[in-house]
Amino acid sequence: MPVTRKDEIFLGPHCLTRLLPDRVSARNPGSNTIKKKDITMNEKVLNTLEYHKIIDMLSEHATSASGKELCRNLRPATDLSEIQMAQQQTSDALTRIYQKGSLSFSGTHNVGASLKRLEIGGTLGMEEFLKIASLLEVVRRVKAYSRSERDNGSADSLDELFGGLEPLTPLLDEIRRCILSETEIADDASATLKNIRRSIKNINEKIRSQMNDLLNSTRTYLQDAVVTMRNGRYCLPVKAESKGQVPGMIHDQSSTGSTIFIEPMAIVKLNNDLKELYLKEQEEIDIILASLSSLTAEYIPYLQDNFKILTELDFIFAKGSLAKAYNGVAPLFNQERRIRIRKGRHPLLDSHKVVPIDIHLGDEFDLLIVTGPNTGGKTVSLKTVGLFTLMGQSGLHIPANDRSELSIFEEVFADIGDEQSIEQNLSTFSSHMKNIISILEHAGENSLVLFDELCAGTDPTEGAALAISILSRLHEQGIRSMATTHYSELKVFAISTPGVENACCEFSVETLSPTYRLLIGIPGKSNAFAISGKLGLPPDIIEEARKHLTEQEENLEDLISDLESRRILIENEQLETEENKKKIESIKEKLEEKQSRLDSQREKIIRQANEEAHAILREAKEVADQTIKNFHKYGQGTVPAKEMEQERSRLRGKMSDLEKNMALKQEQPNHQAPKKLRIGDSVKVLSMNLKGTVHTLPNDKGDLYVQMGILRSLVNIKDLVLLEDPAPLGNKKKSTGAGKLKMSKSASVSTEINLIGKTTAEAIALLDKYLDDAYLAHIPSVRIVHGKGTGALRKAVHSHLKSLKYVKSFRLGEFGEGDSGVTIAEFS
């Protein structure tokens, strides 16, 4: 049945031109395919900034030959939409890698040549079919990876690529059913082939049987008692002198002539039949391969698309995997020629040792002059800016912090390293100057120019003058530039020229080593005298050297030294300010947490008081109702007056007891501190007007902890009054409702509540009251029985537990605790 083509699929911006046939590139103008612009980024700067090393790292993360080829051909782009699309694809691939893991495209074979043969009616071999099957298996694996990732319903820039893949399962199954290896076709590939091979097996068995009989009957005439093959036919090794004793056809003889290989006449026909079957087998195999070729030809467009999409996806996931390897982020792009790198790390340096740097260019100034000692990090800073620009415009993430910004430059020029050429008879200075002249000729407004040790290698006075003149020309044209130098004149030039800024690589005189920190706004200080003194050069020589400095040079060094001191002071103050801010934030959080906890406790205490008041009122109502009932009974004259008076006395005594329980005893101001306290004694804290129990014995200073409800406080023994123990149970009168309310919570609250059979609303109301009581009773954990059922009650219980701040944690019961029908909650 012919295959109906579906809509053309989307291809990313970086597909190799040679991989895109005309039918794909000639899409409708309205499609979202991105057209590539010609990139004229000069190869020299790619080598200078070691861009090719990044490409080599990228290629290592690709898992198919075609994906690696696509990586090796990656070059920076200059079209903003193309760059943003490439960056988005890298970000989406990185997200998928973090969510699901890496995706392998191993097994993706370029089957283009085989498909060309199919287009002209050719027949493929078994090896070619196995490559097509391998390609389809990769498609199936990648498709499954995509489905498992996108179950959450969100879409990204890779969905259309994944959606364009067609596993072609019927074709894959048919190839795997028919072809077992590069040299073997399955017996079940066709019924005819199966019958032929069954016949071959039967004839082989007959031949072996007859040959074994002949071996036994002609053993004396044989050189060896074995059966051998000659020209595809079964033969016996007969002695030359006995060849007349074994009738048959001679096919070969040994090199010495002592052995003649004879096909016995009895099996000639069987050998002929076997040969004929082998020919029929090959014919049937050809038919099967032709049939498979015809079937595969129907899917040529899909196979072409599958190969291109897998190659593109392998390339994109290689970018994502590389970004993960060096913890890269997608930079923000602007068209204002502004660069702002936050904590950038050169990707070719050891990630554990590299010092992150902050660089900005193109905002307040368009020319940055970096000074500092050798091996201090000036060149690395220069290369980092250039390499990040190339990587960002290639769709690669950069190893920096979020919100780093890059701009789009049509050209990047760099004069870095030793350019000495013996072949061209050029010195280092001449070679650098030749390169600088070329840069000045070709650099434009949308160019980024990088100079390392500008105009070095010649007379310092003339070199500095040339450097100032060259940088002034670039500055006048508004070209974003960055240069490193040792010339003091360039420091003065940066200070006195608007739009030009100084920077330096920090150096520690104490340790005689660079810190590799880039400081923008601070000119680099020459540390020659300080370093020499640290290394042991006599002070008188250093003082003599200072005399050779001009007054202007000495003033400049003093100014720079003063700026450096002020910078260190400001940095220290900033660090101290940051630490203080963190401390303030921490204290603020603790206070807010404490206030929240107090508010929560206040609400609980008020709720508890309301509940107790409600219970007292309910009891009072019951007593009143009973009293009225009794007085009605007494009023009828059926009860003696003496009994009535006894009832009145009982009620009067009960009211007196209630008043005593509810009243706060006022202690004498000149009380004596308790002499002997025991843990568990009832006491009253005078300063807080609260009752509690002794939790610890007093220390040398008389301080001890007292537990007052939910409050545990450190107080002094002088602030305590020892309360009398309640009367023994045998001497108590029948307790009233008010007395019951004064019982300890810990004595009345169970460690378990059973909510089975309750509605959700009823259960939550009961649970809320129970948890408050259990928490006030200092029960460490409780067991909530909600049953398994539909799970609705369990979800409601868990939701309520999450909203309570005094619940530290909760979990479902384990084996032996009630399993999922029980929840164990722990209090904080």
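Modeller: Start with H346. This residue sits in the loop between β8 (339-344) and β9 (357-361). Keep in mind that the model is predicted. Is H346 buried or exposed? H346 is buried, since its relative accessible area is 7%, and the cut-off for buried is under 20%. What does H346 touch, once residues up to four places away in sequence are set aside? The list is V354, V380, K383, T384 and L387. Take K383 from that list. H346 and K383 are separated by 37 residues in sequence. In space, their C-alpha atoms are 8.0 Å apart.

E506 gives another pairing across the sequence. It belongs to strand β15, residues 500-508. At a relative accessible area of 13%, E506 counts as buried. G377 lies 129 residues from E506 in sequence. The C-alpha to C-alpha distance between E506 and G377 is 8.9 Å.

These pairs have a background in the whole chain. Consider contacts in the protein chain between residues at least 6 apart in sequence. Of these, 67% join residues at least 24 apart. The chain has 828 residues, and 42% of them are buried. Its secondary structure comes to 24 helices and 25 strands.

Helix α7, residues 126-149, contains E128. The relative accessible area of E128 is 18%, so this residue still falls on the buried side, where the limit is under 20%. A polar atom of the E128 side chain lies 2.9 Å from the backbone nitrogen of G125.

What is phi of N231? It is about 60°, a positive value, although N231 is not a glycine. Most residues other than glycine have a negative phi. N231 is located in the loop between β3 (228-230) and β4 (233-239). With a relative accessible area of 60%, N231 is exposed. R403 is the second case. Its phi is near 70°, again positive and again in a residue other than glycine. R403 is in the loop between α13 (378-393) and β11 (405-407). Its relative accessible area is 57%, so R403 is exposed as well; the cut-off there is over 50%.

Now the helix packing. Two packed helices are described by the angle between their axes and the distance between the axes. Helix α12, residues 300-325, packs with α4, residues 65-72. The axes of α4 and α12 come within 8 Å and cross at roughly 60°. That angle makes α4 and α12 oblique to each other. Their crossing is right-handed. On the α4 side, the contact uses S66, G67, L70 and C71. On the α12 side, it uses F307, T311, E312, D314, F315 and A318. Sorted by class, this contact of α4 with α12 holds 5 nonpolar, 3 polar and 2 charged residues.

Helix α3, residues 51-61, packs against α12 too. Here the angle is about 110° and the axes are 8 Å apart. The pair α3 and α12 is therefore roughly perpendicular. The crossing of α3 and α12 is right-handed. From α3 come I54, M57, L58 and H61. They meet F315, A318, K319, S321, L322 and A325 of α12. The contact of α3 with α12 splits into 7 nonpolar, 2 polar and 1 charged residue.

Close with α14 and α15. Helix α14 covers residues 428-442, and helix α15 covers residues 460-476. They pack at an angle of about 15°, with axes 12 Å apart. So α14 is roughly parallel to α15, as angles under 35 degrees count that way. The crossing of α14 and α15 is left-handed. F429, M433, I436 and L440 form the α14 side of the contact. L466, I470 and L474 form the α15 side. By class, this contact of α14 with α15 has 7 nonpolar residues, with no polar and no charged ones.

Key
Residues are numbered from 1 along each chain as its sequence is written. This is a predicted model: local features need pLDDT of at least 70, side-chain atom pairs count only at pLDDT 80 or more; totals for chains, interfaces and linings use all residues. Side-chain values use heavy atoms; hydrogens and water are left out. Axes are lines fitted to C-alpha atoms, for helices over the stretch in contact, and angles run from 0 to 180 degrees between N-to-C directions. Helices (H or I, at least four residues) and strands (E, at least two) are DSSP runs, numbered from the N terminus. Angles under 35 degrees count as roughly parallel, over 145 as roughly antiparallel, 65 to 115 as roughly perpendicular and the rest as oblique. A crossing is left-handed if the near helix is turned anticlockwise from the far one by less than a right angle, and right-handed if clockwise. Contact means heavy atoms within 4.5 Å. Ala, Val, Leu, Ile, Met, Phe, Trp, Tyr, Cys and Pro count as nonpolar, Asp, Glu, Lys and Arg as charged, and the others, Gly among them, as polar. Buried means under 20% relative accessible area, exposed over 50%, partly exposed in between (1.4 Å probe, protein chains only). A polar contact is a pair of N or O atoms within 3.5 Å; within protein, one must be able to donate a hydrogen and the other to accept it, and residues adjacent in sequence count only if both atoms are side-chain atoms.
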